[in-house]
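Please keep the sequence and the structure in view while reading.

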Amino acid sequence: MVEGRVQVGNRHGQRMVDPGQASLSASATRAPAPAQPLPAAPVIDAARLRLEPLPLLAAWQPVPQARGYRVEVVRADAPEILLFARDTPDSSIRIDDLPPGQLRLLVRAVTAEGVEGHDSAHDFQVPDGLPPPLTTAPLHGQTLALAQPRFAWAQVPGASGSVLQIAQDTDFRQPLVERRTDATRLRSPVALAPGDYYWRVASVDAQGRSGRFGQALPLRISDAPPESGLQPAQAGKGQLTLRWQAGAEGQRYRVQVDRRGDFSAPLLDRETSAPEVVMKQPWRGGTLHVRVQYIDDDGYAAPFSTAQQIRLPCKLCYGAGAGALLLLAL
């Protein structure tokens with residue numbers, strides 16, 4: 001009981017219970033137990049409390065003698081309207097979804113006998129904002145060999161901008177990136193080390209208010225060189241043609257051909273808008289090393305692909321004919 005005084009009892013005995021106390025009666029054949037203080041309100045850990053944006057995250061210091069905790073969310077202006085309730089043995093909680101409005105978070109300890117203690121209460125606002133946009137790139141769980149990948153999403157009607165977040169955990173307690181943009185795509189402004197990440201996007205309305213963030217999407221950054229998808233080279237009429245897998249629309253390509261493989265003085269270093277290049281066929285025999293770099297329409301250049309080898313047959317060395325050249329992976 002937290003307010004007023006009440007007398008409890010049966011024919012075996014009576015107890016007066018004051019505010020902040022509780023008395024238990026195990027059965028009708030026994031007198032009520034002496035009144036005991038209610039468990040103290042849990043002390044919320046302010047450093048681990050995030051009331052907005054959703055998901056709501058809260059943690060608190062353990063209460064002695066508590067076997068668990070009761071967590072509720074109610075309307076701040078109408079506490080009798082219960083919006084969320086959960087019993088948990090843990091001293092932390094995550095609440096993924098709540099209706100918009102002025103809300104109140106309540107946390108109280110529960111004893112082994114089921115006595116609920118004093119509440120810790122925190123008011124917060126869940127905005128009735130725009131829905132999160134649909135995402136288009138990267139794909140869910142995609143692995144990219146790009147330190148600064150580009151993220152893209154759809155345009156929500158009524159949105160004047162978006163907010164992109166990148167983090168290493170699904171809670172986004174400390175985002176590595178939080179950047180607002182008026183566009184529907186954005187390249188990471190920081191280089192991401194190889195590892196696993198999560199990203200999400202929220203819409204921003206004309207008044208600058210951010211709506212709810214969408215689902216946290218996994219992404220893996222790899223330091224492995226990308227594959228170019230080089231196709232077998234073709235030689236003919238004194239020319240050597242190299243082709244590789246086409247990239248996304250608007251991408252350009254930089255192709256390098258080298259004798260030694262260190263690309264310090266390449267035979268060819270050319271940028272092209274088509275996924276192929278034609279060069280003068282070298283007459284001196286040996287091995288050529290080829291690698292390709294994809295360049296996005298905003299100028300961002302991905303790492304070069306793993307170099308592959310083209311072995312020039314001796315008959316070409318002496319000009320005895322032309323044909324398909326063997327392309328071998330390193």
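Two strands are said to pair if DSSP finds at least two bridges between them. The model discussed here is a predicted one.

**Overall composition**

The secondary structure of the protein comprises 1 helix and 27 strands. Of its 330 residues, 39% are buried. Contacts between residues at least 6 apart in sequence were also examined, and 56% of these join residues at least 24 apart. The protein exposes about 17600 Å², and carbon and sulfur atoms supply 49% of that area.

**Strand β19 and its partners**

Strand β19 covers residues 217–221, and its side chains alternate. Strand β12 (residues 143–144) runs parallel to β19 and is joined to it by 2 bridges. Within this pairing, Leu144 has Ile221 of β19 as its bridge partner. Strand β17 (residues 195–204) runs antiparallel to β19, with 5 bridges between them. Here Trp199 stands opposite Leu217 of β19.

**Strand β25 and its partners**

Which share of strand β25 is buried? Strand β25 spans residues 286–295 and is mostly covered, with 7 of its 10 residues buried. Strand β22 (residues 252–258) pairs with β25 in the antiparallel sense over 7 bridges. Strand β26 (residues 308–312) is also antiparallel to β25, and 5 bridges join the two. Val290 takes part in both pairings: Val290 of β25 is the bridge partner of Val257, and Gln308 of β26 is the bridge partner of Val290.

The pairings described above are collected in the following table.

| Strand pair | Sense | Bridges |
|---|---|---|
| β12 and β19 | parallel | 2 bridges |
| β17 and β19 | antiparallel | 5 bridges |
| β22 and β25 | antiparallel | 7 bridges |
| β25 and β26 | antiparallel | 5 bridges |

**Two buried residues**

Gly68 is found in strand β6, which covers residues 66–75. A residue is called buried when its relative accessible area is under 20%. Gly68 therefore counts as buried, because its relative accessibility is 3%. Leaving aside neighbours within four places in sequence, Gly68 is in contact with Thr88, Pro89, Arg108, Ala109 and Val110. Gly68 and Glu116 are 48 residues apart in sequence, while their C-alpha atoms are 9.5 Å apart in space.

Val107 lies in strand β9, which covers residues 101–111. Is Val107 buried or exposed? Val107 counts as buried because its relative accessibility is 0%. Not counting residues up to four places away in sequence, Val107 touches Pro42, Ile44, Trp60, Arg70, Val71, His118, Asp119 and Ser120. One of these, Pro42, is 65 residues from Val107 in sequence and 6.9 Å from Val107 in space, C-alpha to C-alpha.

**The largest pocket**

Rolling a probe the size of a water molecule over the atoms shows where empty space is left. The largest pocket has a volume of about 710 Å³. Its lining consists of 25 residues, of which Gln142, Leu144, Leu146, Gln251 and Asp296 lie nearest the centre. By class, the lining has 14 nonpolar, 7 polar and 4 charged residues. Strands β11 (135–137), β12 and β13 (150–153) each supply at least two residues of this lining.

Terms used: Residues are numbered from 1 along each chain as its sequence is written. This is a predicted model: local features need pLDDT of at least 70, side-chain atom pairs count only at pLDDT 80 or more; totals for chains, interfaces and linings use all residues. Side-chain values use heavy atoms; hydrogens and water are left out. Helices (H or I, at least four residues) and strands (E, at least two) are DSSP runs, numbered from the N terminus. Buried means under 20% relative accessible area, exposed over 50%, partly exposed in between (1.4 Å probe, protein chains only). Contact means heavy atoms within 4.5 Å. Accessible areas come from the Shrake-Rupley method with a 1.4 Å probe; for residues, only the protein chains shown count as cover. On a 1 Å grid over the protein atoms alone, a cavity is a set of points where a 1.4 Å probe fits but cannot get out, and a pocket is an open set with protein on both sides within 12 Å along at least five of seven lines; lining residues have an atom within 4 Å of a point. Grid points are joined across faces, edges and corners, and a volume is the space filled by probe spheres set on the points. Ala, Val, Leu, Ile, Met, Phe, Trp, Tyr, Cys and Pro count as nonpolar, Asp, Glu, Lys and Arg as charged, and the others, Gly among them, as polar.
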